[in-house]
Amino acid sequence: MAKEPVNKFYCLEKDKADCVKNMVGDPECEFCQHYLVCTKCGHYDTTYCDGCMIAALNQSFDMSD
């Protein structure tokens with residue numbers, strides 16, 4: 001059985017204090033303009049990125065070829 005890709009996305013933008021927050025003060029990432037943008041990930045272009053579910057999904061939807 002193949003292992004599911006793991007979401008290893010770590011947002012670099014959430015430390016800049018401009019995130020939409022929920023009622024307890026945690027970032028509501030899914031409403032962010034940087035949500036799941038690979039170049040905003042702290043693991044971008046590392047071995048973590050290679051195993052990231054977001055990178056795998058982005059590559060599977062790449063229709064540039």
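I started with Cys-52, which counts as buried at 4% relative accessibility. For these entries, buried means under 20% relative accessible area, exposed over 50%, and partly exposed in between, with a 1.4 Å probe and protein chains only.

Before going on, I noted the ground rules. This is a predicted model, so local features need pLDDT of at least 70 and side-chain atom pairs count only at pLDDT 80 or more, while totals for chains, interfaces and linings use all residues. Residues are numbered from 1 along each chain as its sequence is written, and side-chain values use heavy atoms, with hydrogens and water left out.

**Entry: overall make-up**

I looked up the secondary structure and found 2 helices and 0 strands. Both kinds are DSSP runs numbered from the N terminus: helices are H or I with at least four residues, strands are E with at least two. Of the 65 residues in the protein, 17% are buried. I then checked contacts, meaning heavy atoms within 4.5 Å. Among those between residues at least 6 apart in sequence, 60% join residues at least 24 apart.

**Entry: the cysteines**

How many disulfides does the structure hold? I found 0, taking a disulfide as a pair of cysteine sulfur atoms within 2.5 Å. Cys-38 is in no disulfide, and its nearest cysteine sulfur, in Cys-49, lies 5.7 Å away.

Cys-38 is buried, with a relative accessible area of 19%. Beyond its neighbours within four places in sequence, Cys-38 is in contact with Phe-9, Tyr-44, Ile-54, Ala-55 and Asn-58.

Cys-41 sits in the segment before H1 and is buried at 8% relative accessible area. I traced the pair Cys-41 and Phe-9: they are 32 residues apart along the chain, yet their C-alpha atoms are separated by 5.8 Å. Phe-9 is also among the contacts of Cys-41, together with Lys-8, Tyr-10 and Leu-12, once neighbours within four places are left aside.

**Entry: the core**

Which residues make up the largest nonpolar core? I listed 8: Phe-9, Cys-11, Cys-38, Cys-41, Cys-49, Cys-52, Ile-54 and Ala-55. Such a core is a set of buried Ala, Val, Leu, Ile, Met, Phe, Trp, Tyr and Cys residues joined through side-chain atoms within 4.5 Å.

**Entry: pocket and cavity**

Grid points are joined across faces, edges and corners, and volume is the space filled by probe spheres set on the points.

The largest pocket has a volume of about 170 Å³. Its lining has 14 residues, and those closest to the centre are Phe-9, Cys-11, Cys-29, Tyr-35 and Leu-36. By class, I got 10 nonpolar, 2 polar and 2 charged residues in that lining. Here Ala, Val, Leu, Ile, Met, Phe, Trp, Tyr, Cys and Pro count as nonpolar, Asp, Glu, Lys and Arg as charged, and the others, Gly among them, as polar.

I counted 1 cavity of 30 Å³ or more. The largest cavity holds about 40 Å³ of space, and its lining consists of Cys-38, Cys-41, His-43, Tyr-44, Cys-49, Cys-52 and Ala-55. These divide into 6 nonpolar, 1 polar and no charged.

Is Glu-13 buried or exposed? Glu-13 is buried, at 11% relative accessible area, and lies in the segment before helix H1 (47-50). Leaving aside neighbours within four places, I found Glu-13 in contact with Asp-18, Cys-19, His-34 and Lys-40. His-34 is buried too, at 13%, and touches Phe-9, Glu-13 and Lys-40, not counting residues up to four places away.

**Entry: positive phi**

Most residues other than glycine have a negative phi. I noted Leu-36, not a glycine, with a positive phi of about 60°; Leu-36 is partly exposed at 24% relative accessible area. Asp-45 also has a positive phi, near 65°, and counts as exposed at 69%.

Note on methods: 1 Å grid on protein atoms, 1.4 Å probe; cavity = no way out; pocket = protein on both sides within 12 Å on 5 of 7 lines; lining within 4 Å.
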